Protein chains: 2
Amino acid sequence: MTQPEVLETLPPDVDQDAGQFIEGVPESEVFSLAVDGMGGDGGPEVVVAGISRTADHYRDIKILLIGDKGQLLPLLRRYPKAEAICTIWHTESVVPMDMKPTAALRLRQSSMRLAMDAVASGRAKGMVSAGNSGAMLALAKTVVKTFPGISRPAMAAISPTLKGDVVMLDLGANVVCDWRNLVEFAVMGEAFAKAVLGLPAPTIGLLNVGSEELKGDEKLRLAAETLKQSPLSSQFYGFVEGHDITAGTTDVVVTDGFTGNVALKTGEGVLKMVAVLLRRVFKSSLSARVGYLLVQRGLERMKEWLDPRRYNGAVFVGLNGVVVKSHGGTDAEGFASAVDVAMDMVVHGFTESMRNRLSCMGSLLRQ
Amino acid sequence: MTQPEVLETLPPDVDQDAGQFIEGVPESEVFSLAVDGMGGDGGPEVVVAGISRTADHYRDIKILLIGDKGQLLPLLRRYPKAEAICTIWHTESVVPMDMKPTAALRLRQSSMRLAMDAVASGRAKGMVSAGNSGAMLALAKTVVKTFPGISRPAMAAISPTLKGDVVMLDLGANVVCDWRNLVEFAVMGEAFAKAVLGLPAPTIGLLNVGSEELKGDEKLRLAAETLKQSPLSSQFYGFVEGHDITAGTTDVVVTDGFTGNVALKTGEGVLKMVAVLLRRVFKSSLSARVGYLLVQRGLERMKEWLDPRRYNGAVFVGLNGVVVKSHGGTDAEGFASAVDVAMDMVVHGFTESMRNRLSCMGSLLRQ
């Protein structure tokens with residue numbers, strides 16, 4: 001068995017100080033993904049076990065695994081599927097989970113920073129980390145940088161509905177938004193739904209407190225007006241309400257980062273409450289326990305389908321590369337979902353799809 | 001059997017044009033509640049059947065039932081418990097469910113308007129309607145008027161959590177809010193939780209995208225700062241997140257009307273999705289059907305507990321009287337919940353409790 005390659009120093013084509021894009025990395029040397037090997041509450045073990053699961057779904061994947069070789073090498077030995085596709089880029093510096101973004105920006109050799117550098121320099125097509133979210137957004141903006149034509153990156157994720165999955169954004173990157181941000185979120189959400197859900201023409205809804213045209217504030221009315229006149233008009237459904245998210249009324253739900261974050265967490269809270277109540281019901285009597293055994297299989301399928309791990313991987317969209325944030329407290333299966341989302345975006349051309357849309361939208365967004 | 005009293009003309013102590021408060025209605029002639037007999041999709045039958053259920057919970061209640069005597073009298077004959085406590089105030093005019101608020105304000109004799117007049121004139125301590133929400137808010141502001149010291153009324157409601165019930169506001173009356181509105185919502189929510197949940201010192205959370213003090217925007221930080229320095233400081237928990245609503249972290253959750261409306265409807269949507277999925281699971285096989293029969297009793301108790309009808313009755317708080325909006329599409333049980341909420345507020349001194357708090361908060365809100 002050959003040991004995985006370990007890069008002790010930075011590859012020569014990375015400008016270490018600026019993380020600038022440097023032309024000319026040959027396609028054969030480009031990694032599918034750079035993965036922060038140290039981030040998350042579960043540490044390197046969850047990361048390596050997650051990569052091992054992704055190796056089952058994707059062939060010919062090459063991963064640049066960044067972190068402490070002293071911890072990563074023994075783990076790779078235990079997960080040979082991961083070992084076969086990983087190259088280690090050694091660094092001992094890590095962004096702690098509670099570090100402020102401004103401090104994280106000063107750590108030039110952290111595993112998270114080097115993963116961003118790899119994307120910015122063209123060494124990797126995307127990156128995944130389960131580390132500190134605030135640090136990750138700040139590093140993504142500074143190192144990978146915002147996509148030309150987009151004012152601010154957003155956070156998107158997939159949720160289950162009664163009619164398949166829904167893409168929701170922004171989930172917290174932008175607490176205050178104007179109408180232009182909302183229109184940009186629609187463009188990014190549509191490209192994301194195409195790449196990750198595989199839909200040819202995803203429909204888009206703008207989250208509001210009522211579906212009538214007069215509801216909501218000025219920024220919502222302006223965003224709706226602009227989308228109606230845009231190349232996305234045939235896919236724009238109009239305003240949707242909170243209950244439309246799980247009804248699956250549209251494939252994409254667009255909102256500001258404050259509302260999106262509250263809606264996502266409220267939904268998770270309700271699911272958790274129902275799970276607790278169901279557990280109580282099934283334990284309430286002997287006959288209920290027997291009943292549970294009879295429906296167990298169906299309930300487990302339902303639980304699997306609603307499993308937050310299946311929807312792990314909040315994506316920072318609107319950057320010069322694919323940047324996926326795994327939940328810090330996830331396990332190997334959850335981390336694998338995040339890596340899968342990143343691979344879907346890389347393979348199904350999320351960035352190109354967004355670029356094409358933006359070039360058609362250009363004049364509308366410069367009003 | 002005696003027929004209920006029918007008032008064909010306005011009581012002489014109501015100033016019909018202005019709906020002004022006129023001193024001197026003797027306590028013995030004050031109605032507990034004025035009820036709009038015509039509002040809602042279910043029409044008068046749901047209203048009268050609902051009142052009949054409330055008659056079981058409250059003794060010595062006197063209701064002024066406003067609407068078309070031709071429809072109401074035969075219904076009261078079928079519901080003798082309602083008949084025993086109702087006086088009919090006859091009017092044939094009704095606010096249609098799709099009428100714009102500005103048009104509804106011009107209908108001086110509508111059943112909804114006359115119920116507001118009864119509260120404004122001191123003839124009734126509160127009112128309940130299942131009619132047009134927009135019209136109801138506009139009429140409440142114009143006729144019953146905003147409470148001195150409150151800038152804008154808000155919409156509050158009760159939801160189930162893992163630790164008892166939670167009061168949430170604003171649910172859509174104020175789409176855009178400043179820090180003063182949020183502090184006022186906290187004052188009103190605390191008084192509401194005292195009156196309706198019977199808690200001696202309800203705790204208050206401010207909905208945000210994170211619990212750290214630096215999260216969120218300026219208005220949230222200012223509102224938190226003010227509450228910390230206020231007489232409510234010992235009950236103020238700080239920031240809460242979406243999942244804290246159903247976790248029951250605090251007894252009151254304060255937010256702006258846009259976020260509150262989205263959170264409420266998102267939660268309802270998730271519950272509906274889970275109900276559909278559970279039905280599928282229990283029908284998926286013969287053994288699952290048998291299993292259902294064994295857990296049926298527990299599931300029905302759980303369903304009852306989460307039943308939106310039990311939580312019917314969004315309350316407009318911050319007015320010179322108790323104004324409760326029942327969901328337009330509810331049934332008799334749901335309408336009875338709304339009447340119960342109104343009675344709880346009247347009996348347990350919601351308005352007095354709010355007045356006392358406001359007089360202590362006064363200088364903080366005038367900053």
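Two residues are taken to be in contact if their C-beta atoms, placed from the backbone, lie within 7 Å. The structure is a predicted model, in which local features need pLDDT of at least 70, side-chain atom pairs count only at pLDDT 80 or more, and totals for chains, interfaces and linings use all residues. Residues are numbered from 1 along each chain as its sequence is written, and chains are lettered from A and ligands numbered from 1 in the order in which they are written.

By this criterion, 46 residues of chain A are in contact with 46 residues of chain B. On the chain A side, the elements that contribute two or more residues are α9 (242–247), α10 (257–282) and α11 (286–306); helices (H or I, at least four residues) and strands (E, at least two) are DSSP runs, numbered from the N terminus. The largest share, 20 residues, comes from α10(A). The residues on this side divide into 26 nonpolar, 15 polar and five charged, where Ala, Val, Leu, Ile, Met, Phe, Trp, Tyr, Cys and Pro count as nonpolar, Asp, Glu, Lys and Arg as charged, and the others, Gly among them, as polar.

On the chain B side, helix α11 (residues 286–306) has a kink of about 60 degrees centred on B:Val295, the bend at a residue being the angle between axes fitted to the seven residues ending there and the seven starting there. B:Val295 is itself buried in α11(B), as are B:Gly291, B:Leu294 and B:Gly298; a residue is buried if 20 or more other C-beta atoms lie within 10 Å of its own, exposed if 12 or fewer, and partly exposed in between. The buried residues of α11(B) pack against α10 and α11 of chain A.

In chain A, the buried residues of helix α2 (residues 69–78) are A:Leu72, A:Leu75 and A:Leu76. They cover an arc of only 100 degrees around the axis and therefore lie on the same side of α2(A); the arc is that of the directions from the helix axis to the C-beta atoms. A:Gly70, A:Pro74 and A:Arg78 are exposed on the other side. The packing partners of the buried residues of α2(A) are α1 (43–57), β3 (63–67), α3 (80–83) and β4 (86–90) of chain A. Elsewhere in the chain, A:Leu232, in the loop between α8 (218–229) and β9 (236–240), is buried, with 23 other C-beta atoms within 10 Å. Apart from its neighbours within four places in sequence, A:Leu232 is in contact with A:Ala186, A:Glu190, A:Ile204 and A:Leu227.

Twelve strands of chain B form an open sheet with mixed pairing, in the order β1-β4-β3-β2-β5-β12-β11-β6-β7-β10-β8-β9; two strands pair if DSSP finds at least two bridges between them. The edge strands are β1 (6–7) and β9 (236–240), each of which pairs on one side only. β1(B) pairs with β4 (residues 86–90) in the parallel sense over two bridges, with B:Val6 opposite B:Ile88.

Within the sheet, both faces of β11(B) (residues 314–317) are covered: B:Ala314 and B:Phe316 are buried on one side, and B:Val315 and B:Val317 on the other. β11(B) runs antiparallel to β6(B) (residues 154–161), to which three bridges join it, and B:Phe316 is the bridge partner of B:Met155. Three bridges also pair β11(B) with β12(B) (residues 322–325) in the antiparallel sense, and here B:Phe316 stands opposite B:Val323. β11(B) and β12(B) form a hairpin with four residues between them, and B:Gly318 in the turn has a positive phi of about 100 degrees.
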